[in-house]
Amino acid sequence: MHRGAGQAFQLCRKMAIPGAEPQILVQYLVLRKDLSQAPFSWPAGALVAQACHAATAALHVHRDHPHTVAYLQELERMRKVVLEAPDEATLKELAETLQQKNINHILWLEQPENIATCIALRPYPKEEVTQYLKKFRLFK
């Protein structure tokens, strides 16, 4: 069990509406769609690896945040939502917006090419971040 997990779980319970279920935490990932198309034509496995790298990095960097601790406490109940950005410009613009709004995230850069491939947010209550993601028309 993670240090502070009990405190984080209690914090999430307190943030929920009294009498309601504990707050549901979601980790959002935004992956570039154009990487699967010509001229890039990356295979599905390479794209999945990019999302995995970004998700793991975001969880690691924000491992002490109470939402992340609570999210990792119940592994079988993890929720992830994978969205697609049309291209690198959109992904970088989203990263800038998230930075300005103080939304914790990782912009994963594939090395050695230094290509922005995926954004992963730390776990958040859905209501806290969807407004920013919807502005980029990432939901279908």
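**A walk through the strands and the core**

Strands here are DSSP runs of E with at least two residues, helices are runs of H or I with at least four, and both are numbered from the N terminus. Two strands count as paired if DSSP finds at least two bridges between them.

A word on what you are looking at: this is a predicted model, where local features need pLDDT of at least 70, side-chain atom pairs count only at pLDDT 80 or more, and totals for chains, interfaces and linings use all residues. Residues are numbered from 1 along each chain as its sequence is written, and side-chain values use heavy atoms, leaving out hydrogens and water.

Back to β1. With β2 it runs parallel, joined by six bridges. The pairing of β1 with β4 is antiparallel, over three bridges, and there L29 stands opposite A120. β1 also pairs with β5 in the antiparallel sense, over two bridges, with L25 facing P125.

So is β1 buried or exposed? Eight of its eight residues are buried, so the strand is largely enclosed by the rest of the structure. Buried means under 20% relative accessible area, exposed means over 50%, and partly exposed is in between, using a 1.4 Å probe and protein chains only. From β1, L25, Q27, L29 and L31 point one way, while V26, Y28, V30 and R32 point the other.

Now follow β4 to its other partner. β3, residues 105-110, pairs with β4 in the antiparallel sense over six bridges, and I106 stands opposite A120. The hairpin of these two strands has four residues between them, and N114 takes a positive phi near 60° there.

β4 also holds T117, which counts as buried at 0% relative accessibility. The side chains of T117 and Q50 are joined by a polar contact of 2.8 Å. That term means a pair of N or O atoms within 3.5 Å; within protein, one must be able to donate a hydrogen and the other to accept it, and residues adjacent in sequence count only if both atoms are side-chain atoms.

What about the nonpolar core? It is a set of buried Ala, Val, Leu, Ile, Met, Phe, Trp, Tyr and Cys residues joined through side-chain atoms within 4.5 Å. The largest one has 19 residues, and V30, L94, I119, L121 and L138 have the most contacts inside it. Two or more residues each come from β1, β2, α4, β4 and α5, with α4 giving the most, four residues. Apart from this core lies another, of 14 residues, including L31, W42, L47 and C118.

Let's finish on α5. Which of its residues are buried? They are V129, T130, Y132 and L133. Seen down the helix axis, the buried residues fall within an arc of 165°, so they line one face of α5; the arc is that of the directions from the axis to the C-beta atoms. On the other side, E127 and K134 are exposed. The cover over the buried residues of α5 includes β1, β2, α4, β4 and β5, where contact means heavy atoms within 4.5 Å.
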